[in-house]
Amino acid sequence: MAKNVIPSTPPKRERKSTAGSETGQVKIPFGKMASDPRNQKMWGWALIFLSLYMLGAFVWYLFTGAADQSVVDSAFTTKYRISSRETQNGMGFFGLLLSHFFIFRWFGVAALGFPFLLFLIGYKIARKRELLPLQRTTQLTVVYVFLIRLFYGYFVLRTDTVRSMSFLCGG
């Protein structure tokens, strides 16, 4: 028997994609970018700094919230420069808006649990260690945020101090 006289064709080579070559950019899959330890540390530290900024804005709002109420009311009708000069919140205009929404409109003083959670998440991402068990702490913090909000809401309604103490329970 004779061997096959027709030579077999070599397997086809895969073409390289030229999608990024036109713009001069190289496409990096998200998986590689997310697994890079430098990016993880950057996001972890960004969450830590965001939590500290939120904590500062929230605490400052507890002291200067009444004085800054007119700034928040006119925030979207006046120019940014005028509003930011008048604010007494140490974290600036954006800290004032952030704390106004979290404390005055949504969660009251119980919103102080969210910077705590952000700090723990950022620490775990940046340092690859947990200060506290993250899942259990998150569950307890979320439950306590809602329980504290409900308790203060009941307290404010029962004592009829809605105008002066509404920052305790939020909106």
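**Figure 1. The largest pocket of the predicted model holds about 220 Å³ of space.** Its lining has 13 residues, and those closest to the pocket centre are G65, A66, F104, S164 and F167. At least two lining residues come from each of helix 2 (37–64) and helix 8 (162–165). Helix 2 gives the most to this lining, with 4 residues. Sorted by class, the residues around the largest pocket are 7 nonpolar, 5 polar and 1 charged.

**Figure 2. The second largest pocket holds about 150 Å³ of space.** Which residues line the second largest pocket? They are F104, R149, G153, V156, L157, V162, S166, C169, G170 and G171. Helix 7 (residues 134–159) gives the most to this lining, with 4 residues. The class count for the second largest pocket is 5 nonpolar, 4 polar and 1 charged. F104 belongs to this lining, and F104 is also among the residues closest to the centre of the largest pocket.

**Figure 3. The largest nonpolar core of the protein contains 15 residues.** Within this core, F58, F102 and A111 touch the most other members. Helix 2, helix 3 (69–73) and helix 5 (92–107) each supply at least two of the core residues. The largest share, 6 residues, comes from helix 5.

**Figure 4. F102 and its contacts beyond the neighbours within four places in sequence.** F102 is one of the core members that touch the most others. With the sequence neighbours within four places left aside, F102 is in contact with M54, F58, F107, G108, A111 and F114. Two of these partners, F58 and A111, are named with F102 as the members of the core that touch the most others.

**Figure 5. Helix 7 and the elements that cover its buried residues.** How far apart are the end C-alpha atoms of helix 7? They are 37 Å apart, which agrees with the 38 Å that the 26 residues should span at 1.5 Å a residue. The buried residues of helix 7 are L134, T137, T141, V145, G153 and V156. What covers these buried residues includes helix 5, helix 6 (113–127) and helix 8. Among the buried residues, G153 and V156 also line the second largest pocket. Just after helix 7, D160 takes a positive phi of about 55°.

**Figure 6. S51, a residue of helix 2.** Is S51 buried or exposed? S51 counts as buried because its relative accessibility is 2%, and the cut-off for buried is under 20%. Leaving aside the neighbours within four places in sequence, S51 is in contact with P115, L118 and F119.

**Figure 7. The whole protein, for orientation of the close-up views.** The secondary structure comes to 8 helices and 0 strands. From the N terminus on, the elements run α-α-α-α-α-α-α-α. Of the 171 residues in the protein, 29% are buried. Among contacts between residues at least 6 apart in sequence, 64% join residues at least 24 apart.

Note on methods: Residues numbered from 1 in each chain as written. Predicted model: local features only at pLDDT ≥ 70, side-chain atom pairs only at ≥ 80, totals over all residues. Heavy atoms only, no water. 1 Å grid on protein atoms, 1.4 Å probe; cavity = no way out; pocket = protein on both sides within 12 Å on 5 of 7 lines; lining within 4 Å. Points joined across faces, edges and corners; volume = space filled by probe spheres on them. Nonpolar A, V, L, I, M, F, W, Y, C, P; charged D, E, K, R; others polar. Core = buried A, V, L, I, M, F, W, Y, C linked by side-chain atoms within 4.5 Å. Buried < 20%, exposed > 50% of the residue type's maximum accessible area, 1.4 Å probe, protein only. Contact = heavy atoms within 4.5 Å. Expected span 1.5 Å × (residues − 1).
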